[in-house]
Structure formats: C-alpha cells, structure tokens
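I opened the notebook to record what I looked up in this structure. The entries follow in the order of the look-ups.

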Amino acid sequence: MKEFIATAFPNLGYIQSEFTAEDLAPVKEEIFEIEDIKRAFLNPTERIVKQEYILEKSKMHVQKLMMPYVAAYFNTFGYDEDTEFLTRNAPLVLDKLKFNFLDKHEAQIPHAHGGIFTFLICVDIGLPCPPSPLTGDTSQPSKFYLHYSNSIGRHKMFMIPFDRDWENNFILFPSDMQHSVEPCFAMQYYRTSVAGTFRFEV
C-alpha cells in the first residue's frame, strides 16, 4: 500500500479547565446565603425542591473568570468566523448566573440555550441527598453528554463524568450545542453546579 493523506473535517468542541477554591470562594459564599440551602444543612432529611437559583452577587466575578476562556475558544476553534457579523461592535456579557441542583435520580433531557457560549462549573457543596425510595444500578456513574453531528450528519454523543471528582472543573461550549445529563443512582450527594450563558449585548 502506498502512503496516503488522511484529513479530518474541522469541527467545534469544548474547553475544560479547573478553578481554584479561592477563585470560587465568592460563588460558594453566595450559595450558602440561600435560605433553602441553610435549611437543608440544618435538616438533612429535607429534600431540595427547586432545581435552580439565580446568583446575583457573584455574577460579575464569574464573568471575569470565564472571559479569558471565551477568548481562547474563539482562537482555538475559529468560532469567530461563524459569529463575526455580530462581534464587530457588540461586547459579550454573561446573562443569568444559575446555581443548579440535581437529585440522585434526576436527569436533564437534551437541550440547548440561546446565546453564544454556555459553561458549567461543578461546585460541590457537600450536601447529602435524603433517602429515596427509588432504586437502580448502583454502579452507574453520573454522566454529562455533549451532542453533535459528525461530518456525514450522524448524531454523536461525547460523555464527560459529572461527579464529586470534578469539583471546581468547568466546561465551555457553544450554546447551540445540545447537552444532557443522565440520572445517577450511585451519588450520595446532590450534584450541584453553577452555569451561565454568554450573549452579545445588543
């Protein structure tokens, strides 16, 4: 067989990195001010009902943390070619910053967000899940999926672990990219994260 050239079509991906505990200190400080969180720590048998809380105080701090990675995404994947018509005079800003809960058996179906970039920071606050009557495969880890199409249009899924080992890690990806979370039966703690979406301020 003669030598050949193999070429892969370019595609978008995601950026992953890790913040320090000091980086995320203002975020956790605001989280522990939430009344539902205070009650849950005082009474471990009380289940968290809401899945989402808006964070206001630490929003600009997180925007400052994330902006270098947003710039790195544009440079790494050439994503500005797809959004250049919007970027000439419009700055990117962080929309709502959300603190999310997922209970032991809860999941999120594939979905996307309006905007340019979405990020997810795993912020473990050590809040145990109350006992649940549901049972399942205790060997199944928690899984976060990014959904995309390959060069011939077939649907693909890329799995990222979403558990306590991922504390302070984050991922950044285009907001149009579908993503989902599988239910987990092995977790003894709430899966907690901080998420947000960057949009153009127009």
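Which residue in β10 does L102 stand opposite? I looked it up in the predicted model, and L102 stands opposite R191 in β10.

**Entry: L102**

I placed L102 in strand β3, which covers residues 92-102. I then checked its accessibility: the relative value is 4%, so L102 counts as buried, the cut-off being under 20%. Leaving aside neighbours within four places in sequence, I found L102 in contact with Q51, A107, Q108, F162, V181, Y190 and R191.

**Entry: strand β3**

How many of the 11 residues of β3 are buried? I found 8 of them buried, and the strand is mostly covered. Next I looked at the pairing. β3 and β10 run antiparallel and share 9 bridges. Strand β2, residues 52-55, is also antiparallel to β3, and 4 bridges join the two. One of the pairings I noted is that of E52, whose bridge partner in β3 is N100.

**Entry: aromatic pairs**

I searched the whole structure for aromatic pairs and found 13. I noted the pair Y14 and F158: the ring centres are 5.5 Å apart and the planes meet at 55°, so this pair is tilted. Y14 lies in the segment before β1 (15-18) and F158 in strand β7 (residues 155-161), so the pair ties together parts that are 144 residues apart in sequence.

I went on to F119 and F198, an aromatic pair that is tilted, with 5.9 Å from centre to centre and 50° between the planes. F119 belongs to strand β5 (residues 117-122) and F198 to strand β10 (residues 191-200), so this pair links parts that are 79 residues apart in sequence. I checked the accessibility of both residues. F119 is at 0% relative accessibility and counts as buried. F198 is buried as well, with a relative accessible area of 0%.

**Entry: aromatic cluster**

Which residues form one aromatic cluster with Y190? I listed Y53, F99 and F101. Y190 had already come up in the entry on L102, as one of the contacts of that residue.

Conventions: Residues are numbered from 1 along each chain as its sequence is written. This is a predicted model: local features need pLDDT of at least 70, side-chain atom pairs count only at pLDDT 80 or more; totals for chains, interfaces and linings use all residues. Side-chain values use heavy atoms; hydrogens and water are left out. Rings of Phe, Tyr and Trp (its six-membered ring) pair if their centres lie within 6.5 Å; planes under 30 degrees apart count as stacked, over 60 as edge-to-face and the rest as tilted. Buried means under 20% relative accessible area, exposed over 50%, partly exposed in between (1.4 Å probe, protein chains only). Contact means heavy atoms within 4.5 Å. Two strands pair if DSSP finds at least two bridges between them.
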